[in-house]
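Let's take a friendly walk through a protein structure, looking at how its side chains meet. Keep the 3D view open as you read.

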Amino acid sequence: MTPDDPNLLERVERLERVVEGLLERDPRARAALAAGQRTAPPASESPAGPPPAATPSWPPRPVATPSAHRPAGAPSMDLRSVLRVVGIALLLFGVAFLFKYSENESESIHSLRVLIGIALGVGLTIVGHVLLRRDRPFAQILTGGGIATWFMSGFAAYQLFGLIGAVTGFAYMAAVTTAAFAISVRQDSLPLTIVATIGGLATPFLLYDPSRSMWGVSLYVVAVASSAIAIHRRRGWWALLWIAAGGSCYAIFATVTYYSAPTAPQSERVVLQGALLFLFGLFALTSAGGYARGVRAGETGGEYDTRLFLVTLIPVVTVALTDAIWTLNRAQLGQLCFLFAFVYLGATVARFPRDELRRLINAYLLLASGFATVGALALIDGEMQHLAIATEALLLRRLTLQSRRISIASVISHALFGICALLVVRDLMVDHSPEVPVFNRTGVTTLWSIVAAALAALSLPAEQGRVRRFYLYAAHVLILAWILRQFAAVASGQAIVTIIWGVYGATLLIAGLLRTNRPMRTVGFLTLLAVVTKLFAVDLASVRAIWRVLLFIGFGGVFLSLSYWFLTLDRSTRKQ
């Protein structure tokens, strides 16, 4: 594209007309442009030829950047924003001191102070509305301060001074919350919506009354959360969804703490549980649906997507709050976790049209496997916990093969295998030999834990070679210890252990030679050296004479045979 291109000239002229219209609307930008033109060199002094493409002279920089309204040499930090925030914070502290200062005065003075607070909130809101087009950030801070002043006035009128009853107080707070939501939607302001959501969810506790039923509190929390979700669906504000989800969970927990007495009827707990399940469905569907719509629209949240974190966090908090409501025992908690595991496992049946949405399915699989693990630990005792944890870790390892982006699944898998390793070491160190080797409860579960770790290591990608070798080496050592623990107590057990170790080591050595796998060959050779050490350190003193003869002669022949066939089996030398 050349400077004489008519399409380029037409686009530049159209851009000039747009910028001129913007300058007519904003006198400060026009003044900044005039100042920039005064400092610019004359056009005649410019060198001939087209200007460099990397430094365009149009549109002017003061108009294109938000920093045009700052004078030259101003600091990069917006001091006006700091002054605004500090100013509104000091004002709200002043309102709080106003109510606290009048705490010990007459009822008429109390009423006057509350009316002053309400009037101050109205004034701040009106001024914010007037300044909205001129200075939007300042107007939103004033409006937010006015809404907060209204909430503080209601709290003082009911909780501090007792000027109004519970019904009137709730009606007032509901009206303030509704007005706050309406103003935030009209101004299309996320901060005001967050203020309205926090104030609405805090209302049952700002107007705390221990004799109040949980019915009204639950319904009010559901209403406020539903309003926030409706605004989120309209505007797409994920920060609002986070605030609404966190505030609703805290409101349910605070309701259990402050309003749920031991003598409270079961019907109130049922209502609270119903509200919790309604909120769970609402937030779960909204977060998952919002994530799916965002991905279809081309929005990517990176490797660590906070939207998926919200999707996985909601059911976990729901289970914890259900436990707080009913004080579940271990068996009931396990059954509840299995119920959620089946729900999220069923959700993975849905088919998603794009590969990006597979991350949502993987998040559901992670939840299902996590709930299944917790349920198994709650319902199963003893060695069967090894089986559940090892199986869960292996499934998570397989999940990371399908989508390597779900790194949290890999981390949890490694953590579960670490727990399995500690449990296996604990069982191997216990001085309790089984009556029947291998086919006993401890032997089977311990063996499966070791095999699961080996299978997980073999499924690791090539770039994780160090982790793979660490897993395999650890599994090799544990399998040797497991063989020793299972057979040491039987008749001639030490001799049997030596034979099994020798066969195992020779198999690894031969397989390493045939597959040209140097680590496997080295491990097999070291295992055979361990057999030789055991022959002299243990078997020479503990086994019967006939076994000593057979072991020493037999392994001598094995070592000689391996040395004879070594070069024949070693395919690496054959390739050379």
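A residue is called buried when its relative accessible area is under 20%, exposed when that area is over 50%, and partly exposed in between. Keep in mind, too, that this is a predicted model.

**Charged pairs**

Side chains of opposite charge can pair when their charged atoms come close. In the whole structure, a search finds 4 salt bridges. One of them joins the side chains of aspartate 135 and arginine 84, at 2.8 Å from N to O. Aspartate 135 sits in the loop between helix H5 (107–130) and helix H6 (136–160), while arginine 84 belongs to helix H4, so this pair ties together parts that are 51 residues apart in sequence. Are these two partners buried or exposed? Both aspartate 135 and arginine 84 are buried.

Another salt bridge links arginine 235 with aspartate 188, where the closest N and O atoms are 3.3 Å apart. Arginine 235 is part of helix H9 (residues 214–235), and aspartate 188 is found in the loop between helix H7 (166–187) and helix H8 (190–206), so the pair connects parts that are 47 residues apart in sequence. Arginine 235 counts as partly exposed, at 30% relative accessibility, and aspartate 188 is partly exposed as well, with a relative accessible area of 37%.

The side chains of aspartate 427 and arginine 426 also meet in a salt bridge, at 3.3 Å from N to O. Here aspartate 427 counts as buried at 15% relative accessibility, whereas arginine 426 is partly exposed at 46%.

**Ring pairs**

Now look for the aromatic rings: the count comes to 10 aromatic pairs. In one of them, the rings of tryptophan 242 and phenylalanine 309 have centres 5.9 Å apart and planes at 20 degrees; planes under 30 degrees apart count as stacked, so this pair is stacked. Tryptophan 242 lies in helix H10 (residues 238–259) and phenylalanine 309 in helix H12 (residues 306–326), so the pair ties together parts that are 67 residues apart in sequence.

What is the arrangement of the rings of phenylalanine 280 and phenylalanine 340? Their centres are 5.4 Å apart and their planes stand at 65 degrees, so the pair is edge-to-face. Phenylalanine 280 is in helix H11 (residues 266–296) and phenylalanine 340 in helix H13 (residues 330–347), so this pair ties together parts 60 residues apart in sequence. Phe280 and Phe340 also form one aromatic cluster with Phe371.

| Residue | Relative accessible area | Class |
|---|---|---|
| Tryptophan 242 | 28% | partly exposed |
| Phenylalanine 309 | 45% | partly exposed |
| Phenylalanine 280 | 15% | buried |
| Phenylalanine 340 | 7% | buried |

**Nonpolar cores and a surface patch**

Which residues have the most contacts inside the largest nonpolar core? They are Phe283 and Tyr344, in a core of 67 residues. H11 provides the largest share of this core, with 11 residues. Leaving aside residues up to four places away in sequence, phenylalanine 283 touches several others, including Ala225, Ile229, Leu241 and Ile314. A second, separate core has 18 residues, among them Leu478, Val497, Val531 and Val543.

Valine 86 is placed in helix H4 (residues 79–101) and is partly exposed, with a relative accessible area of 43%.

Key. Residues are numbered from 1 along each chain as its sequence is written. This is a predicted model: local features need pLDDT of at least 70, side-chain atom pairs count only at pLDDT 80 or more; totals for chains, interfaces and linings use all residues. Side-chain values use heavy atoms; hydrogens and water are left out. Rings of Phe, Tyr and Trp (its six-membered ring) pair if their centres lie within 6.5 Å; planes under 30 degrees apart count as stacked, over 60 as edge-to-face and the rest as tilted. Helices (H or I, at least four residues) and strands (E, at least two) are DSSP runs, numbered from the N terminus. Buried means under 20% relative accessible area, exposed over 50%, partly exposed in between (1.4 Å probe, protein chains only). A nonpolar core is a set of buried Ala, Val, Leu, Ile, Met, Phe, Trp, Tyr and Cys residues joined through side-chain atoms within 4.5 Å. Contact means heavy atoms within 4.5 Å.
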